[in-house]
Amino acid sequence: MDARLLIVSNRLPVTVKVEDGHPTVSRSVGGLTTGLQTPHDRSGGLWIGWPGDLEGITPVMRADVDRQLAELRTVPICLTDREVTLFYEQISNAVLWPICHDRIDRLPLHVEGWDVYESVNARFADAVAEHHRPGDVVWVHDYQLLRVPALVRERIPDARIGFFLHVPFPNPEIFFTLPNRHWLVEGMMGADLVGFHTRRYHGHFRAALRRLFSVEADSNGIARWRSRRVKLGVFPISIDAADFASRAAAREVGLKTREYQTSSLRLLVGIDRLDYSKGIPRRLVALKRLFMLHPEWREKVRLIQVAVPTRDRVDAYRRFRREVSSLVGQINGEFATPTWTPIQYIHRSIPSDVLLALYRAADVMLVTPLRDGMNLVAKEFPASRIDDDGVLILSEFAGAADELTDAILVNPYDVDGTAEAIHRALTMEVTERRHRMRRLRHTVQEYDVHRWAESFLGELEGMRNEE
Ligand code: G6P
């Protein structure tokens, strides 16, 4: 693709650190960053977003940070404390996040800050307008920026705009609890192409569009919207599977893997952001039920649960952190012996070699969210299993379940069913394990994150040619 790409996401793919009084800006790894880095590099375009809290950065250091950000072709949108509170913590993460994950029970009783959500989205749109050149393609990402496509369209009527939603689009009945639902959909419909991970989210959005605006997309997903055509498409995001496989094969990772495997204990692994959508409490209770339904696994199985801290200034997350710690304590208290603890709980981020070694060492990987847009851990695990072994237990409510049908699929709300799935995984014959794992690996290798980005951008480009 020849056009320059302007990527717009709430977070920039950078980490800003201060060491010995000198700020350094480095590229962060993982998720979205990996998928978009190649098109960002190739097109010579810009990435517009929030560089995160620049805590500890003095005004003198700021020029240095700006220079380094410019070298990476990124454009920082700095948020004030009030904007962080109202736009990021309140509206994006205390309102839109629970709505998109079917958790209206987590909503605050009184919501304020939509005006700030709009004004921050407008600042992102202003930055696009400032840097946009004729022919550029604008690609906006995720629930923090739902209004940006329409706000860019107001500023640059003929801009080529794509929007991708990384979280689920909820069932309309849940979405309609938002008082300003029309306005949010109008925001997204400012794009030429709107992408979702799965057919289900795509279907929910189409239903919302029909019920709110009486606009019906045709069988190709094309909707007529205020004298424009907007295409609604399905593009399941993935990972760089080849990169995971090669990093998992590194010698140090192999050494660590052996350290984590012990002959006397089978290893269950869970790796999540500490988010209430990830189903950690029910997963822990499923483990407890395993010990009750199949006591032979006591002292034979251990769960390593990594919970990466996240959004810890949002109330619902703080409460959730306490809930998980207390449940870990209760279960360990109930079942531990002087020589065995059933749950090893790690509440911090872990370096990538530890992550890869945990993937490689796991007998069973537990990915049991109550609702998840895609879930990349479910894809990283098979990509890292260069030995073609290990079993993936996957929630049917993760977007990844549509593609990873060789996992053992579970309903995470059915705690006893999940306990039985763990038992089944632990007793599965090696031939079946390998057969399933090979097929999982094939799936993640076939359609990787580079193909995801190419197919989205190819579709956006194709729409131009059809005009
Ligand atoms: C999810 C969202 C992303 C977000 C990420 C980390 O994957 O879809 O948009 O960046 O979580 O959350 P944070 O609030 O730290 O950016």
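How many aromatic pairs does the structure hold?

Reply: The structure holds 23 aromatic pairs, where rings of Phe, Tyr and Trp (its six-membered ring) pair if their centres lie within 6.5 Å, with planes under 30 degrees apart counting as stacked, over 60 as edge-to-face and the rest as tilted. Take Trp114 and Tyr117: their ring centres are 5.7 Å apart and their planes sit at 75°, so this pair is edge-to-face. Trp114 and Tyr117 are 3 residues apart in helix 4 (residues 114–131), so about one helical turn separates them; helices (H or I, at least four residues) and strands (E, at least two) are DSSP runs, numbered from the N terminus.

Phe169 is in the loop between strand 7 (160–164) and helix 6 (172–175), while Phe205 is in helix 8 (residues 199–213), so the pair ties together parts 36 residues apart in sequence. Phe169 and Phe205 are both buried.

Then there's a cluster: ring pairs link Trp139, Phe164, Phe235, Trp452 and Phe456.

A word on the numbers: this is a predicted model, so local features need pLDDT of at least 70 and side-chain atom pairs count only at pLDDT 80 or more, while totals for chains, interfaces and linings use all residues. Residues are numbered from 1 along each chain as its sequence is written, and side-chain values use heavy atoms, leaving out hydrogens and water.

Note on methods:
Buried < 20%, exposed > 50% of the residue type's maximum accessible area, 1.4 Å probe, protein only.
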